[in-house]
Amino acid sequence: MKRLFLILALLAFALPVAADDMGGCNIDAPESAATINMIGWTYPIIDFYASELEACNDVDNIDVNTQLLDSGSAHDQLRLALGAGGTSPYDIIMVTQADVYSYVAEGWMMPLNDLIDKYGDEFDISDIAGIGSMTVDGNIYALPMEFNTRHLFYRPDLLEKHMIDVPETWDDVIAACEVLAAEDSIVIPFTIQLHAGWAWRLEFLDLLLGFGGKALNEDMTPAFNSEEGVMALEKLVEITDACMGEEGLTYSIDDSQIGIATGELAMAFTWTSRAAAMDDPDFSDYVGGIEFGPALRATADGPYASTSGGAALGIPADIDDDPELVFQIILEALDVESQIRGAEVGVISRNAVVAESDARYFWVVFENINGGVQSTPNPAMGAVVNPVLGNYLPQIVTGEMSAAELLDAAAEAYTAEATAQGFIES
């Protein structure tokens, strides 16, 4: 019953803020009616930004509709819509850096440079961090709205009780789980999100980088089926066996957030976007009692094995509505007033607001950004590597193939598809 209550509380926590709390939308009404459709994926700070976009519904002749799905479904629907050609059904799209590289290669995104030049001073766009990550060949395609990374959530009371140091490496986590497994007050010692193919792919690629490997060679041939790749996949199996078991493999991001907030888990490796809820008395049983640490290292002297990124808002290359109006609506959602309130639920993108925030988990994000592994997005990653690894990696839990065999099979599948799509010369 408690778990059901927390699930309902999580949904309530993610709901858009009330209209009375909005800063409003300070743009002029267009002469003709405009329906602005946005698509993205849901988590607390994105739900907040959706409400900021919808604040422009108070302006005459503007109707903003936001559609937030889970990440996999949003990406599938967006690629299907943009790949169909012609006018996009969406005017505003939520994207990551990898999405931008992929979509720009397909010709699906509109460069924003001219609009940024026109509105840069009025909205102090230069104060928005991370714009470089949304830039391809000198063209800016999206404006960052938040930063996110994965890091350690833990209960210091349990670590102190069992005389466990705060883990710094994945081997430290495995050793801690072997001790915490005997703790009666918890259900599972630790979770890392491995509940879906995309989650396996994400954790594998970051561990691969943490061990010093890479996903692709310069000629786009596969490099993930290397010694470092085998080490990364075998490490995920070790974590699963020592810390999670079959039940832990079912834990989604929401489940881990609930688990750490209720004491069901001693530790979790999950997203910064879920940290603010730990100090929400309507959500957490351990307000002030959950601490945060940086991402874990694959090796003791290596970087944090977690990429850092963020979500941004861009405009498709071909839309029915006036791009200038759409851009103004985006800027209203990303203005200083909005981000001051947004900082209560996540790590926003304006430097001025970050500098003033007292959120106690912000330091972890910038520790990861400064000391974490760095990916090199390219179109083949989004178009081929990600779906192939998402399909193959979860099969490791069946035990039917070794890590090396599975990665070789994935590399063969990748090569065939990358060749068919023209990423590898035939």
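Residues are numbered from 1 along each chain as its sequence is written, and side-chain values use heavy atoms, with hydrogens and water left out. Because the model is predicted, local features need pLDDT of at least 70 and side-chain atom pairs count only at pLDDT 80 or more, while totals for chains, interfaces and linings use all residues.

**Colour by confidence**

Begin with pLDDT, the predictor's confidence in each residue, from 0 to 100. The chain has a mean pLDDT of 92, and 95% of its residues reach 70 or more. Next select residues 1-22, where the pLDDT is below 50. Beyond near neighbours in sequence, this stretch has 35 contacts in the model (contact: heavy atoms within 4.5 Å).

**Select C25 and C56**

The whole structure contains two disulfides (pairs of cysteine sulfur atoms within 2.5 Å). One of them joins C25 to C56, with an S to S distance of 1.9 Å. The link of C25 and C56 is right-handed, with 75 degrees about the S-S bond. C25 lies in the loop between helix 1 (2-14) and strand 1 (34-41), and C56 in the loop between helix 2 (44-54) and strand 2 (62-69), so the pair ties together parts that are 31 residues apart in sequence. Helices (H or I, at least four residues) and strands (E, at least two) are DSSP runs, numbered from the N terminus.

**Select helices 8 and 9**

Show residues 197-210 (helix 8) with residues 227-248 (helix 9): they pack at an angle of about 130 degrees, their axes 8 Å apart. Axes are lines fitted to C-alpha atoms, for helices over the stretch in contact, and angles run from 0 to 180 degrees between N-to-C directions. Helix 8 and helix 9 are therefore oblique to each other; angles under 35 degrees count as roughly parallel, over 145 as roughly antiparallel, 65 to 115 as roughly perpendicular and the rest as oblique. On the helix 8 side, W200, E203, F204, L207 and L208 meet E228, G229, A232, L233, K235 and L236 of helix 9.

**Finish at helix 16**

Finally, select residues 403-420, helix 16, whose axis comes within 9 Å of that of helix 15, crossing at roughly 145 degrees. From helix 15, A380, V384, V385, V388, L389 and Y392 meet L406, A409, A410, A413, Y414, E417 and A418 in helix 16.
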